[in-house]
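Q: I am new to this structure and would like to go through its charged side-chain pairs. Could we begin with a helix?

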Amino acid sequence: MKFTLCIPMFNESKIIADTAMKLSSYMSENFEDYEIIFSDDGSTDGSADAVKKLDLPHVRVIGYPDNRGKGS
């Protein structure tokens, strides 16, 4: 069974790379079939690019170009 972890983010560039690396390490040690999805809600500080630059396996970034709020 595939396990999916979804992390919402908005302007988290100061912590998001470290968070992504720690989550990726934990998931790879504890699950065989998994994915981590970072959902970017229109960040203006490069949060999405920070995660993409890590090029981590099983990690992807989705989102909106503009901020839509928590409900979206």
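**Salt bridges in the model**

A: Aspartate 18 and lysine 22 both lie in helix 1 (residues 16–30), 4 residues apart, which is about one turn of the helix. Please note that the model is predicted.

Q: What do aspartate 18 and lysine 22 form, and how far apart are the closest N and O atoms?
A: They form a salt bridge, with the closest N and O atoms 3.2 Å apart.

Q: Is lysine 22 buried or exposed?
A: Lysine 22 counts as exposed, at 55% relative accessibility. Aspartate 18 is partly exposed, its relative accessible area being 38%.

Q: How many salt bridges does the structure hold?
A: The structure holds 3 salt bridges. One of them joins the side chains of glutamate 35 and arginine 60, at 3.4 Å from N to O.

Q: Which parts of the chain does that pair link?
A: It links distant parts: glutamate 35 is in strand 2 (residues 34–41) and arginine 60 is in strand 3 (residues 59–64), 25 residues apart.

Q: Now another pair: what does aspartate 66 form a salt bridge with?
A: Its partner is arginine 68, and the closest N and O atoms are 3.9 Å apart.

Q: What is the relative accessibility of aspartate 66?
A: It is 42%, so aspartate 66 counts as partly exposed. Arginine 68 is partly exposed too, with a relative accessible area of 47%.

Terms used: Residues are numbered from 1 along each chain as its sequence is written. This is a predicted model: local features need pLDDT of at least 70, side-chain atom pairs count only at pLDDT 80 or more; totals for chains, interfaces and linings use all residues. Side-chain values use heavy atoms; hydrogens and water are left out. A salt bridge is a side-chain nitrogen of Lys or Arg within 4 Å of a carboxyl oxygen of Asp or Glu. Helices (H or I, at least four residues) and strands (E, at least two) are DSSP runs, numbered from the N terminus. Buried means under 20% relative accessible area, exposed over 50%, partly exposed in between (1.4 Å probe, protein chains only).
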